[in-house]
Amino acid sequence: MINFENASVTYPGGVHALRHVTLEIPAGQLMVIVGLSGAGKSTLIRAINGLVPLTDGDVIVDGVSVRSAKAGDLRRLRSKIGMIFQTFNLVKRTTVLNNVLMGRLHATGTARSLLGWYRPADVEIAMQALERVDIVEKAYVRAANLSGGQQQRVGIARALAQEPRFLLADEPVASLDPPTSHVVMRDLQRINRDLGITTIVNLHFLDLAKVYGERIIGLRAGELVYDGNAAHADEHVFRDIYGRSLTADDVLEAKPVV
Amino acid sequence: MTAAADARSRPAKPRPSLAVPLGIVSFLVITWLAVSREFGIGLDVGELIGNLTRIEGLLWRVSTDQADRGLLNPNWPFLPQTAEPMLETLQMAVIASAIGCGLALPIAFFVSRVTTPNAGVFNAGRSVLSVIRAIPDILYALIFIAALGVGPLPGILALIFFNVGVVVKLLSETVDGVDVGPIEAGRASGASRAQTVRWAVMPQVLPNYVAYSLYVFELNIRASTVLGIVGAGGIGRILYREYSLFHWSNLSVVIVEVFVFVILIEFVSIWLRRRLV
Amino acid sequence: MTVASPRTSRPTRPSHAKRNLGVLFVVLLIGWSLVSIDIRYERLVDFPRGLWLVIYKMYFEHGPDLGYLGISLEFMLDSIWIAWIGTIIGAIFSLPIGFIAAKNVSSGLIANAMRQFLNAIRAFPELVLAVAIFVPIAGLGPVAGALAIGVHSIGTLGKLTAEVIEGIDSGPVEAVRAAGGRWAQIQRWGVLPQVLPDVVAFWLYRFEINVRAAAILGIVGAGGIGFIIEQTIRFGRFPRAGTALLVVILATIVVDTGSGWVRRRIIEGAEKKAVAAEVFERIDVAGQPV
């Protein structure tokens with residue numbers, strides 16, 4: 001369970017990225033965050049694993065306070081939180097398997113990890129993660145030789161290899177085409193249901209948000225302005241969150257207005 | 001479009017900056033100072049050309065002494081005496097390159113903006129690096145010979161210091177330019193700093209690292225041929241000895257050897273680089 | 001894509017036979033060198049103490065020898081002049097030679113021959129050139145040093161210049177040719193503007209390296225501070241050697257910083273100029289603002 005308690009983030013330049021957000025995310029939920037660029041979606045997600053430090057308030061993850069966590073505690077916490085990124089963030093020059101094995105680093109001693117001698121059990125976990133996203137045949141292929149969709153699936157496998165309790169996805173499909181986006185979103189949905197991993201996804205395609213989210217929250221200028229069931233979120237709701245009328249850029253597959 | 005265009009006037013040509021003429025003037029002044037006799041080195045081209053006739057005795061000479069027939073008459077029987085020092089030169093270069101490049105890899109991560117643990121280490125490291133790079137390899141050799149005595153050991157140590165300076169500078173600049181995305185992913189997964197550097201940064205710079213190592217190996221080969229001049233092992237000792245004895249024919253053999261040696265290594269290095277890419 | 005989908009079988013680990021063989025060879029080479037070289041490794045333990053002793057004698061035993069500062073600066077200045085002139089010689093000759101050695105500008109055969117010639121020159125360390133050729137010609141002193149550095153620089157700069165020329169964008173070259181330019185004009189207006197910033201940056205970088213080379217040449221009598229460092233160490237006058245060493249370090253750092261600054265401004269200036277030139281072009285060519 002994740003608890004935001006009046007969490008605020010102000011960047012050094014004076015930008016109020018997050019304002020007094022209070023939120024409770026129960027275990028096993030698939031929550032989608034929507035909002036304009038700069039509304040605070042990325043900041044909110046990164047506040048959960050401490051990549052962005054809070055300036056006020058706190059975020060409690062499974063009883064651990066992110067703000068007061070010291071280095072070692074923070075690393076332990078992060079090992080339970082998998083993250084996937086809009087730009088995939090894979091190491092292009094090395095193999096898919098090596099990328100996924102990065103998810104096992106938190107459980108590997110320094111000497112072993114520097115030499116690359118992962119335990120067979122860890123390699124097995126990595127392979128299983130690759131199988132779960134159906135890309136194991138590319139295990140020894142260089143990451144640079146994969147398509148965008150394939151790279152994102154490797155990113156998901158890397159996060160899964162951590163055997164996490166939480167999964168954070170920062171605009172996971174923004175760089176992908178529609179069919180591939182659906183594949184990735186379906187993977188996330190499946191992982192959430194089968195493994196019970198609490199999943200939080202930033203999306204700026206509203207049609208995807210409605211289809212794949214259980215719960216949708218909306219951010220505007222760093223503030224929480226909507227929190228409800230995905231089924232109840234319609235055009236009016238989104239327009240309120242965005243503060244403007246919707247355009248074709250806000251949906252993945254614009255349906256012709258006939 | 002013509003009617004509208006006539007209404008707008010052409011922009012004024014920007015005033016040429018002062019920098020270029022200023023640069024050229026200071027350049028000329030410095031050069032004039034440099035060649036002058038009072039301040040500089042006293043370069044007299046006429047005198048030089050006159051001296052060219054001196055070469056003749058240098059290049060070719062009739063003499064009973066096999067070692068002294070001029071640069072164009074290499075004294076091949078001298079070759080075997082140079083074999084061992086030549087081998088020592090190669091060994092010095094290999095050892096110094098291996099140790100120097102090995103040390104330079106972790107050090108580079110400490111002096112790169114992207115992977116340094118904190119500002120203190122970064123700044124201290126950068127300053128020390130500037131000083132280390134400012135001392136030429138042979139000066140290191142002189143100092144280390146004063147500390148250890150003559151022989152190849154001070155030579156190897158001198159090359160190591162020199163190596164580390166060059167590779168750390170090159171490598172840290174490469175690390176400065178890496179893609180930081182994988183680093184964020186590494187930290188987000190709970191990996192330690194060292195693990196993140198090893199798996200998110202190192203794979204990105206490894207090809208460059210190998211290229212720099214090969215480059216530095218070539219530099220070391222060239223340097224180790226002359227370190228012997230001050231007593232730090234290798235063929236340089238023989239080179240200087242024959243030179244001071246005016247044994248031009250022997251010197252010629254050594255020069256050809258050095259030349260062939262360097263060219264060979266360069267071919268190997270080019271071949272290796274092509275296969276690695 | 002459901003859980004029940006048939007499992008694709010896992011791929012086998014690829015073997016890296018060639019790479020492993022190469023690594024093995026390198027390791028063996030290093031091992032052989034370590035073992036067969038004639039060194040008593042026990043001497044290594046004396047290194048920290050010996051080094052500290054030298055530093056102590058240079059700076060702390062009788063305090064630093066500030067009186068020697070004047071002579072040190074004088075000799076260092078000589079080294080800088082040597083590097084300066086050597087670099088100029090290298091720059092002046094390497095520019096045309098670079099054009100001749102570039103495959104896309106001159107004929108393939110000539111370019112190749114010139115490349116080999118440049119490789120030949122580059123293979124000789126400056127010290128060897130000084131010792132074997134230039135001291136005999138010009139006598140002992142800084143002129144020999146400047147010439148040695150100059151000739152070696154022609155080799156390195158020539159190769160780098162040729163590589164830069166080979167890497168240019170052919171667009172501007174075709175433009176000049178299409179406008180009816182002769183070979184020399186094509187080089188002057190199509191090639192030169194593209195390569196000049198990089199080439200000048202190389203000249204400056206070479207100058208930095210040459211300062212270090214020039215500092216050494218004094219050891220063989222080709223002028224510069226190397227001479228007094230070698231002499232003072234040989235005769236045990238460590239405080240003087242210490243002062244001279246300090247002068248070398250400081251002068252080199254100053255040269256590096258200054259040269260680096262100029263280099264950065266040239267590269268930045270080139271980018272700014274390219275943008276400005278483009279704007280002007282769009283106005284002049286049409287005869288009216290675009």
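Me: How many residues of chain B are in contact with chain A?

Reply: Happy to start there, with the reminder that this is a predicted model. A contact here needs C-beta atoms, placed from the backbone, within 7 Å. On the chain A side, 22 residues take part, and they meet a set from chain B that numbers 17 residues.

Me: Which element gives the most to the side of chain B that touches chain A?

Reply: Two elements of chain B give two or more residues each to that side: α9 (181-188) and α10 (193-227). By class, the side has eight nonpolar, seven polar and two charged residues. Seven residues come from the element that gives the most, α10(B).

Me: Is α9(B) mostly covered or mostly open, and how many of its residues are buried?

Reply: A residue counts as buried if 20 or more other C-beta atoms lie within 10 Å of its own. Among those that pass in α9(B) are B:P182, B:I183 and B:R187. The helix is mostly covered, and of its eight residues the number buried is six.

Me: Against which elements do those buried residues pack?

Reply: The buried residues of α9(B), including B:A185 and B:A188, have partners in both chains. From chain B the partner is α10, while chain A supplies α2 (71-79) and β6.

Me: Why is one side of β6 of chain A left without a neighbour in the sheet?

Reply: β6 (81-84) belongs to an open sheet of six strands in chain A, with mixed pairing and the order β6-β7-β8-β3-β9-β10. Strand β10 (223-229) also stands at an edge. One side of β6(A) is left without a neighbour because β6(A) is at an edge, with a single partner strand.

Me: What is the bridge partner of A:I216 in β10(A)?

Reply: Strand β9 of chain A covers residues 215-220, and six bridges join it to β10(A). The two strands run antiparallel. Within β10(A), the partner of A:I216 is A:G228.

Me: What angle does the direction of helix α7 of chain A make with that of β8(A)?

Reply: From one strand to the next, the sheet has a twist that averages 15°. Helix α7 (residues 178-195) packs on this sheet and touches β3 (30-34), β7 (166-170) and β8 (198-202) of chain A. With the direction of β8(A), its own direction makes about 160°.

Key. Residues are numbered from 1 along each chain as its sequence is written. Chains are lettered from A and ligands numbered from 1 in the order in which they are written. This is a predicted model: local features need pLDDT of at least 70, side-chain atom pairs count only at pLDDT 80 or more; totals for chains, interfaces and linings use all residues. Two residues are in contact if their C-beta atoms, placed from the backbone, lie within 7 Å. Helices (H or I, at least four residues) and strands (E, at least two) are DSSP runs, numbered from the N terminus. Ala, Val, Leu, Ile, Met, Phe, Trp, Tyr, Cys and Pro count as nonpolar, Asp, Glu, Lys and Arg as charged, and the others, Gly among them, as polar. Two strands pair if DSSP finds at least two bridges between them. Axes are lines fitted to C-alpha atoms, for helices over the stretch in contact, and angles run from 0 to 180 degrees between N-to-C directions. A residue is buried if 20 or more other C-beta atoms lie within 10 Å of its own, exposed if 12 or fewer, and partly exposed in between; C-beta atoms are placed from the backbone.
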